[in-house]
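Welcome! Here is a short briefing to read alongside the sequence and the 3D view.

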Amino acid sequence: MQKTALSTLGFLLLACFGFGQAQGTPNIVGTNYELDSEHLNGKRTIQVHLPPDYAESEADYPVLYLLDGQFFYEYAVSLSQKFKQSRRTPDFIIVGISTSYPQRFRHFSNGKDDFVAFLKSDLLPFVKDNFRTNGEQLLFGWEYAGSLAFHIMVNEQIPFNAFLLASPFPIWDAIAALDGKTARNSMLYFSVSPDEYQVNHGTEKLDTWLASKDIPGLDWSYAQLPNDEHHSTGYPTLYHGLRQYFKYYPEFQEDSFKKFIKAGGLDYAKAYSAQRAETFGFDPELSSWSKFTIIRAAMRANDYGHFTSYCDAFVTDAFIADLKFRMLDIADFHEINGHPEKAVAVYEGLLPLYPDSENLLRRMAKTYAAMGSENEAKNYRKRAEKVAKSKN
């Protein structure tokens, strides 16, 4: 096995062009490894990207394996970085498997048994022996590589937890082999563009077949990508496939009240949070932010009835302390709907946290005045003026 850093090219270019050229810094997105494989009669280049905190942590990680890494590796790295920043998925290791033309067609069709043997006997043991993995394995493939991944899934040759297939072709004749399969314990996400005539035949058949069956343990989704074509389907498939697999990782957040009610309302939110806790070890209770997004969704739908029921259920001193001045939106909605006394209750919950907030004191004065409590209004106006003077 040989190991080379991706920054090598940068140093060679500097040597060739001399010191007269602008000098930059290496742009490193991982490490290349050369694996010897008897199954492939030679060496195979793989690309490995580790999570940014890998060296400092002791955690074990899922692994995403990318067939045709030469196309999709850097995109997958970019996705992982964005997912981490927005807390959409946990960190994961990325392994890109490079294949060249025209060899890729042979590897993924007539030579697929040799390639599967390479994955099973060479690559997966190498990754397991050299990196901290948690046993979760995801496999992505586009076009003929998608067909190979489907072949692996149907024949249960390697226990991947998820199969992400973009425009898989050909799969038509392999679908029947799923008959009699009773449990998969995996996820299947497959996609196609409407303009892929022959590819569509296979994916439509698979969708119809799966819809008519009940395979315990198989979580499957079929996506049609109307704005894509054959050569672009891999990119949205990676994005949405990863989001689907890690769907319970993000903190619960609701933006559409209509969708929230249709999904089951609070029971739906609590079930999501419980599944998130079971899958990833998070607190099973809804967070203050999750509760606020439910309240906010009712506000956006102008549904004061549900809004008040959620406030009664969620608003505590701890909730107010977590939400801070976002609570002002809740107070405003109470006032808009003719309940200034409930707005005052929100302000009184905030005041111990921000006793010198001029804005909060003036709000309280205005609301008390609207309620006809002029003495209270006068008291808070004086306090607000005192705070304003102390700032000058």
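E34 is partly exposed, with a relative accessible area of 21%; here buried means under 20% relative accessible area, exposed over 50%, and partly exposed in between (1.4 Å probe, protein chains only). This is a predicted model, in which local features need pLDDT of at least 70, side-chain atom pairs count only at pLDDT 80 or more, and totals for chains, interfaces and linings use all residues. Residues are numbered from 1 along each chain as its sequence is written, and side-chain values use heavy atoms, leaving out hydrogens and water.

- E34 sits in strand β2 (residues 31-37); helices (H or I, at least four residues) and strands (E, at least two) are DSSP runs, numbered from the N terminus.
- S98 belongs to the loop between β5 (93-97) and α3 (103-108), and S98 is buried because its relative accessible area is 19%.
- Not counting residues up to four places away in sequence, S98 touches R44, T45, Q47, G69 and Q70, where contact means heavy atoms within 4.5 Å.
- S80 is part of helix α2 and counts as buried at 11% relative accessibility.
- Neighbours within four places in sequence aside, S80 contacts H49, F92 and I94.

**Empty spaces**
- Rolling a probe the size of a water molecule over the atoms shows where empty space is left.
- On a 1 Å grid over the protein atoms alone, a cavity is a set of points where a 1.4 Å probe fits but cannot get out, while a pocket is an open set with protein on both sides within 12 Å along at least five of seven lines; lining residues have an atom within 4 Å of a point.
- The largest pocket has a volume of about 670 Å³, a volume being the space filled by probe spheres set on the points, which are joined across faces, edges and corners.
- Its lining has 21 residues, and R88, P250, E251, Q253 and Y272 lie nearest the centre of the largest pocket.
- The largest cavity has a volume of about 80 Å³, and the residues lining it include H49, S80 and F92.
- Helix α2 (residues 69-86) gives the most to the lining of the largest cavity, with three residues.

**A helix crossing**
- The axes of helix α4 (residues 112-130) and helix α5 (residues 144-154) come within 11 Å and cross at roughly 70°; axes are lines fitted to C-alpha atoms, for helices over the stretch in contact, and angles run from 0 to 180 degrees between N-to-C directions.
- That makes α4 roughly perpendicular to α5, a label for angles of 65 to 115 degrees.
- K112, D113, F115, V116 and L119 of α4 make the contact with L148, H151 and I152 of α5.

**Backbone points to look up**
- Most residues other than glycine have a negative phi, and most peptide bonds are trans.
- The peptide bond from F169 to P170 is cis, with omega near -5°, and P170 lies in the loop between β7 (162-166) and β8 (186-192).
- E143 is not a glycine, yet E143 has a positive phi of about 60°; E143 is buried, with a relative accessible area of 10%.
- N302, also not a glycine, has a positive phi of about 55°, and N302 is exposed, with a relative accessible area of 55%.

Conventions. Angles under 35 degrees count as roughly parallel, over 145 as roughly antiparallel, 65 to 115 as roughly perpendicular and the rest as oblique.
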